Structures are given as C-alpha cells and as structure tokens.
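Reader: Hi, I have a few quick questions about this one. Can we go through it together?
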Amino acid sequence: MNLPDCEKTLALLEFYSIREAAASCSLSPGAARIIREEIPLFDKGAVKNRKDLVLSFCNLLENPTEGKLQELPDVEDLFLPLGVEGSVLGPQEILALGLFIERGEELRRFVLEGRGAGEKLRDMAGAGPDCSFLAREIFRILDRDGRVRDLPALKQIRSRIQGLTRELEQIASRYGAGENTRQMLQSPLPSQRDGRIVLAVKANFRGRIRGIIHEVSSTGQTIFVEPEEAVELNNRILVEEANLEAELRRILRELTGRIAQNRGDLENFHRLMVDLESLRARAQYSRETGGCFALDTGSLALRQARHPLLGKGAIPIDLVMDPRTTMVIITGPNTGGKTAALKTLGLLALMNQAGLAVPAAAAELPVFDGIYADIGDEQSLSQSLSTFSAHMTNIGGIIKNATDRSLVLLDELGAGTDPEEGSAIAMAVLDHFTSKKTTVILTTHHGMLKNYGYSREGVENASVEFDRRTLSPTYRIIMGIPGESRAVDIAARNGLPPALVDSARAYLEGERSDVSALIAGLKEKHRELDEAARSVHEKESRIREDRRRTDLKELTLRQREYLLKKEGAREFRRFLLESRKTLENLVREIREGELTRDKTLRVKKFIKELEAGSSALTEALEAEEKILAAPGAEQDNPPAEGPPFSGSGGRGPSPEMPRSGTIGPGAEVLAGPSQGRGRVIRRDRKARTGSSGQGGSGRDAPAWVVEIGSVRMSFLEEELVPVRPSAAPGSTGKTAGWSAELDPDESRGPKLELNVLGMRLDEALGALRRQIDGAILGGLREFSVVHGKGDGILQRGVQNYLKNDPAVEDYYFSRPEFGGFGRTEVVLKG
C-alpha cells in the first residue's frame, strides 16, 4: 500500500486520533514520537511479531511487580554533540543521560523479572548493552539535582574563596562599626557591584574614604566605593572564582569524554529502551480500551465491537462474514449505523495491524496488504469535483491498487448521480472486486444492489435493524437479509408535515414493487428463527440442568451403594472369619481323633448356625438392595444381578460362571451366597418355599442337596449356578469357578497358587496346611504350590507333607512351561 493512499485512509478512518491516544500513554517523549510517526504494518509476520510483544507487555501490566516505572528523559538530541570531539555537556544534560540509563534499566528489569512476559519480549529486553556503569560514573560526579559534587579540588578552591570573603566582610564591618566612618555611610552593610564588595558612601563624604568608585546613585546622593584595602582581596576572589569555573569545566569535559567513548552502546541502549517503552504504551492503551487481540484465522468476524473514539456511548455491533464470502452489501435506513459500521471495521483493522488490541469481545481479522476507504462527501470546488466525481476518483485509485488480500470499504456506492446509472456503475465495480476476490464491505440504498447480493456467489446481503414501533434504528447488523431505507418514516419523525408524509406514501404505494414485501417477510422469518433458536437454547439449558441434577443424584446413590457394600463386606468378613476359626477347630478334632456322636452333633450345630448367619446377612443385603432399587434411585449403570459378595468381587457370576446348563445329580455348581463350589447329590424330597423375585411373594420351589467338601446342605434351585466340571488330573489344576480368596489376607484363605518361596520349611508347611483346610471348605479341589528348586529343602518337605496328608488324592510336578520341578500340582480328594 503506497504512502499517499495509506495516509488518506488513516485520516478518513481517524486513525491519527488513536495514535495520539496511544502516544499519550508513553513515559518517554522519544517513544511518543515513534508512535505518532508510525503507520500500520502490512506484512503478516511483522504484525504477528508486534502483537506478540504488545500482548506480553499486557500480561506484565496485569501482574505488576513492586515499584512504579518513571518517565524516561528525552536525550535523543544529545547524541550529536557527543560525536563532536572536545564538546562539553552541561550538568543538566549529563543528569538527563544518567536518569535515562537508570530508568531504562528499571524498565529492562520490569520485563525480565515480571510475570507473563513472553520469550520474544525477554529476548528483546536482554539483547541491549549494559550501560549502568555510565550511570554510576555520572552520579559519582553529579548529585540528583544536577549539581557537581564537592570534589577535593573544588573543595579547596571554594574554601579559599570563603576565607577571602570573610576577610572582606571584616573590612566592611570595621567601616560600619567605627564612630568616625559610620556617619559617612548610607548603610552599615556592604553591597556588591560587578561581583566586588563596595561601601555606600554619602556624596558629601566623597573624599574621606579612599578607594575606587564603581557607581553613583541616580539621585547623586550615594557613591559606591571599593576601599583600597579591599581591592586586592576582591581581585584574589575573582581569580579563585575563575579557577573554580575552569575546574568545573575540566570535570565536565572529562565526564563528557568518558560518555562519548561509549556513544555507540548508549545509542543502542537508547533505541532499545524507547522501543520497549513504545510497546508498553501500546499495551497500556490496549488495557484502557478493554479490548482483545484479534486472531488471524483467515476469517473476518467482530463480536460486540465498539468504535474506540465514541467512548462509553458506543453501541456494540456484530459483523461476522462466512469464510466463503468476500463481499457484504449493507442496506437500511439513514442514521441506522451503516457508515459507523464501516468506520468501526476499518479502524479496528488498522489498530490490529498497528499491534493494538481492538475494542471487542472477540475478533478475527486477517492481515490485509492494504486498507482502502471511500467514505463521506469529498466534493472540491477548487478542483471542480462534484460529489460523484470525487467518489469516482477515489474508487478509480482503489481499483488500481487493491488485491485479493486488501480490504475495501465503500460508503453509498453509486450515489450522487442518476440511480439507474449509479447502480450500473456500482455493479460493474463490484464485478471487478468479486473477480479479484477482494474483501469488500459497502453500504447502499439502491434496490438493484440488494438483488446483486442474492445473485452472485461470494456476496452476502446485510441490513441495519430498524424498530417499526419506535421508528428508530437499533444499530444491530442482520446478516443475510437486505434492509429498507425507511426514508418516509424517518422524514416524518424529523418534522416533515403529516400532509406531505401522506402524499409521499401515496406516491410510493403507486410505484412500490414487491421487494419491500419480500424484505418484510424475510425479516419476519428471521425474527421467528431467532425466537426458535432462543427457545431451543433455553430447552437445552434446562435439559443440561436436569442432567446435572440426575448425575448428582446418581453419584449420591452410587456413594450410598458403595458404603452399604463396604459395610456389608466388613460384616461378612467378620462372620466368615469367626465361622472359619470354629470350623478349623472342628476339622482338626475330627482329623486327630475318632468321629464320635458328640463331634457329629457339634458339626451339625455349627452348620445350622452358619446357615442362620448366612441367611441373616443375605436378608440384610437384600433389604439394602431394595432401598437402592426404590423409585427415584434408578441408575444408568445398575449393579449386575447376583450375590453382592460372591467370589467375583460383588458383581454376580463372572464370565467363567454362566447360568446356562442343567442342574441335576452329579452337576458341579456354585451354591448359596458364599458361592461355595460343590456337587449336586440329589433332589431334596422336601419342597421349600422360595422367592419369586418380584416383590417377594412365596411359592414352592425345587431344592437340591449339594455336597460342599465333606458337608451336605440343601439349596433352592435359584441359589445354584452351574459351572464347567473341574479339570482332570494332569491339567494345570485351576478351577474355573474360583476367582477370589475367602479372605483378603493373603496369608490365610485358599489360593489357586500358593507361593512359599522365601519361607522357612515350618512356615511353608503351616501355610500348606491352612491352604488344604481352606480348599476343603471352599470346594477347591486343585491348586498348585510354588516352592522353587534351590537346595530342594522346600521341594522335598512339601511333597513329604502331601504324601502323608489323608485329604490329598494326588500330587505331581508341573509341566515345564508352568514351572517344572519348582512347582507342584495338588489334587484333593472329592
């Protein structure tokens, strides 16, 4: 984009005001000059880099560190004299350089130590030279007010001047104190003329005090005389003062020379700090406008965008273009906000490419290679240009320069001439831009251009909304629908006499086409669609809220179920451990002695107590399940049917324990709530009352006698789960129906595989004994013992024990792939 066209667009869209506002946020005159002289960038990479840096500064300003940044003095004009050999800077000029270096380093630390700075900004701040040593040298010579400090050489000269001054004051005081001389003086206090101490002598005593006359008063009554004895002292003071000035100049010359030696680094430091401050000023302005940084997605979309120069009175607008659309034709009433929308879009595009945030809730803006605008009345009497001619001149220049990556804003295209011819010219211009795929936003009142938007691919109509009830615009842009001009309504609202308004309506009705009716119908349909969309949105919100409440209720129920199961499992475990201890004692007594009637009665009594306790636990669990299954406790994923504390972990039969198959004598089953494995002996001749499973109504159900280990018990058929027969000897010995231990303590319940590696022999044999007892109780006929090879102590000990245990039917080493001589398979008697 060439500079004249760019400057014209910047002025037309009032970008200079934005630039000035951003510059006013700067703490450096040099940074403010940079911002005021800058134009937007048109290179995609440069725009992204600038926005990244400004965004980093915005993050820093959101998280400020302690301390406040101070103004950077303007020192740009001092670099020229620093390049001239022998030049001497004044104390205030050197002070400005020292303050600039110090405050520049503060700005650098603000970036490097602050929270939120991006890597690009940190790299930029850290790249400049370190000039802090120059600041230390400057403030070794000067104080913070710019005065040269009392260095030793200066101190000596000033001391001599003070001594001579005291001698002069003593001479003058003698004249004022003496009886003879006091009456000769107009004032006992001495005065100064030309830097020398003199006495104010009365004219009539002119010759009485010898000395040099310096001045006579205007009245002639007073003569200012320098006494002879003071002349030498005054001369010596003048010499010392000259020495003082020479020493001061020498000090400043040497200090200027040291600064000049580092002129290159100082200029680079100055340039870097001014650039950083200009970025900080842009970030400060961006925060004050409450904007966001536009995304470069290739699309054009502004949501709740505000014109930054209209302040709080700006009405937000939405302008969202479909990615396939390159041209939008905005129609609608005068004062409806069409031109304001054009200017807002153009100005925000310029701000985006200047690295500024745009005042909008959300924005997507491409990086354009040129932004062109033809807005307003530019007629010129001096150049003999009418309104139409001025527009055509501007548009001709835009056509010449615009590309497929340009943004073109055209206000009232085809206006200022015959409507028919103006429409024809406008459509020809639009055809040109459409063929080049230039992004164009235009406003018009021509009806033919409304039809153009419907008949061309990549072109979309839009309108500014008009409230029929209040006869006023709402400034809302409606995409997809053209608007009516509503000129008669606006004329009536602005004071046109009613009779003229009625006459105009009569003329209009006679010439009106169906276009207005079509537009009105489209607007009504658009309104209905908006209402339907709002209704759907409200319903979706209600559904989401209902689902949230349902999910919360489900979570509560699952937590309750978990707590109930946990409590039930704890109770069941306690019951099982107590029963196990009793049964172990009974089994031990039976194995160690003869089977007497008393022992048999005790076993039967234990079994009855075990059944009673198991039934009580089952009833309690069923009651809890009914609570969870009550109305309002439905769940998306209810627990699977089956005993809550079965061997499969409380989720009913596992995939290895299907409910298919026939129950009959000889069949292997899992019986009762404990899911003990047993073999069906025969049908129980006494029918028992069972649960129908639907509300608990009783009925006679078939029952079977099942042998679990050495104990026979009666179970309802519904309490039995058929399983596949146990593996024959010689297999791996793993029983399909067994999937968990009776006790969570690994040192106690039966296991498919007992691992005694690392145990002493007596510990291993104790574990093996408990394993055999538990297997008998749990119906586990086959298991394996892992003892390893090693020295063979565990191997021989385990096999000797198995050889002598009456409950063991067979034992043998595993197959090589399952452990070989380091593992023994055990088969218990049925």
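Reader: Which side chain of opposite charge is nearest to Lys-338, and how far away is it?
Author: One note before that: this is a predicted model. The nearest one is Glu-412, 4.3 Å away. Lys-338 is buried yet has no salt bridge. A salt bridge needs the nitrogen and the carboxyl oxygen within 4 Å.

Reader: Where is Lys-338 found?
Author: In helix H13, which covers residues 338-353.

Reader: What is Lys-338 in contact with, leaving aside neighbours within four places in sequence?
Author: Several residues. Among them are Ile-330, Thr-331, Gly-332 and Pro-333. Glu-412, His-445 and Val-464 are also included.

Reader: New topic. Why is strand E9 largely enclosed by the rest of the structure?
Author: Because 5 of the 5 residues in E9 (residues 370-374) are buried.

Reader: Which residues point which way from E9?
Author: Gly-370, Tyr-372 and Asp-374 point one way. Ile-371 and Ala-373 point the other way. All of these are buried.

Reader: In which sense do E9 and E10 pair, parallel or antiparallel?
Author: Parallel, over 5 bridges. Strand E10 is residues 406-410. Within E10, Ser-406 is the bridge partner of Gly-370.

Reader: Last one. Is Arg-236 buried, partly exposed or exposed?
Author: Partly exposed, because its relative accessibility is 42%. Arg-236 sits in helix H11, residues 228-261.

Reader: How far apart are Arg-236 and Leu-164 in sequence and in space?
Author: In sequence, they are 72 residues apart. In space, they are 7.6 Å apart, C-alpha to C-alpha.

Definitions and conventions: Residues numbered from 1 in each chain as written. Predicted model: local features only at pLDDT ≥ 70, side-chain atom pairs only at ≥ 80, totals over all residues. Heavy atoms only, no water. Helix = DSSP H or I, 4+ residues; strand = E, 2+ residues; numbered from the N terminus. Buried < 20%, exposed > 50% of the residue type's maximum accessible area, 1.4 Å probe, protein only. Lys, Arg positive; Asp, Glu negative; His and termini not counted. Contact = heavy atoms within 4.5 Å. Pairing = 2+ DSSP bridges.
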